[in-house]
Amino acid sequence: MTDTATPDVVDVLTADHRDVTVLIGEIWTIRDPMMRRDLTDTAISELVRHAVAEEMYVYPAMRKHLTDGDKAVEHDIEEHKELEQAMKDLEGLEVDSPQFDETLRRLETMLADHVQDEESEQFPELRRAIPHDELVEMAGKVERAKKLAPTRPHPSAPNSELFHKIAGPGVGLVDRLKDLITKRATK
Ligand SMILES: [Fe+2]
Ligand SMILES: [Fe+2]
C-alpha cells in the first residue's frame with residue numbers, strides 16, 4: 001500500500017516549476033556578469049533536466065491517459081522547443097546586453113504560460129487517471145533522469161573547463177545537457 005502523502009510525479013514537477021521560476025527571478029536582481037552567467041546556466045540546467053524528464057516519462061503517460069492526450073503533448077512539445085530556443089539564445093548573448101534581458105523576459109513569460117497549462121489542466125488530469133503508486137514510481141524515474149546531468153554546470157567558475165570536456169567541444173550547453181541525460185538514461 002502506498003501512502004497518499006508520498007510525493008508523486010506531479011509534486012516533483014511542480015516543485016521544479018517553482019525552482020526554475022525562482023531562479024529566473026533571481027537573475028533579474030543580479031548585475032555582476034559572472035554571477036549572472038553562472039545563475040543563468042544553473043537555470044538552464046534545471047529547465048533542461050525537467051523538460052527532458054517530462055518528455056521521457058510523463059508525456060507518454062499523458063498521451064495514453066488524457067482525453068486528447070496526443071494533442072496536449074504535441075502542444076507541450078512545441079512549447080518546449082520554444083523554451084529551448086530561448087535558452088540557446090541566452091547561451092550566446094552577453095549577460096549585460098539589452099538582448100539578454102529581452103530574451104530572459106521571453107523565456108520567463110513562455111515558462112509561466114507552459115507551467116500554467118500543465119498545472120491547471122494536465123497534471124490534475126494525470127492524478128485523476130493514474131493510480132497514486134504509479135505516479136510515485138514515475139516520480140522516481142523523473143528524479144533519476146534529472147540526476148544524470150549536473151544541477152550547476154559551472155560549480156566553481158563560469159569558465160570551468162570540466163563540463164566542456166565531459167560533453168565535448170563546439171556544442172552548446174542545452175544540447176550537451178540533453179545528450180547527457182538521454183544517452184545515460186537509455187544505457
Ligand atoms: Fe513541460
Ligand atoms: Fe513542466
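Start with the aromatic rings: a search of the whole structure finds zero aromatic pairs. The test covers rings of Phe, Tyr and Trp (its six-membered ring), paired if their centres lie within 6.5 Å. This is a predicted model, where local features need pLDDT of at least 70 and side-chain atom pairs count only at pLDDT 80 or more, while totals for chains, interfaces and linings use all residues. Residues are numbered from 1 along each chain as its sequence is written, chains are lettered from A and ligands numbered from 1 in the order in which they are written, and side-chain values use heavy atoms, with hydrogens and water left out.

Select Trp28 and Arg105. The charged end of Arg105 sits over the Trp28 ring, 4.1 Å from its centre. The criterion is NZ of Lys or CZ of Arg within 6 Å of the ring centre and within 35 degrees of the ring normal.

Next, select ligand 1, an iron ion. Its protein donors are Glu54 (OE), Tyr59 (OH), His80 (NE2), His114 (NE2) and Glu118 (OE), 2.1 to 2.3 Å away. Donors are N, O and S atoms within 2.8 Å of the metal (3.2 Å for Na, K and Ca); water is not among the atoms, so sites may look incomplete. Along the chain, the donors of this iron ion read E-x4-Y-x20-H-x33-H-x3-E.

Now colour Glu54 and His114. Glu54 belongs to helix α2 and His114 to helix α4, 60 residues apart. Helices are DSSP runs (H or I, at least four residues), numbered from the N terminus. Glu54 is buried at 0% relative accessible area. His114 is buried too, at 3%. Buried means under 20% relative accessible area, with a 1.4 Å probe and protein chains only.

Move to α3. Its buried residues include Asp76, Glu79, His80 and Glu84. Among the elements covering the buried residues of α3 are α2, α4 and α7; contact means heavy atoms within 4.5 Å. Its 24 residues should span 34 Å at 1.5 Å a residue, and the end C-alpha atoms are 35 Å apart, which agrees. The expected span is 1.5 Å times one less than the number of residues.

Finish with the largest nonpolar core, 47 residues. Such a core is a set of buried Ala, Val, Leu, Ile, Met, Phe, Trp, Tyr and Cys residues joined through side-chain atoms within 4.5 Å. Its largest share, eleven residues, comes from α2. Zoom in on Val9: it touches Val58, Leu135, Met138, Ala139 and Val142, not counting residues up to four places away in sequence.

Definitions and conventions. Buried < 20%, exposed > 50% of the residue type's maximum accessible area, 1.4 Å probe, protein only. Helix = DSSP H or I, 4+ residues; strand = E, 2+ residues; numbered from the N terminus. Phe/Tyr/Trp six-rings, centres within 6.5 Å; stacked < 30°, edge-to-face > 60°.
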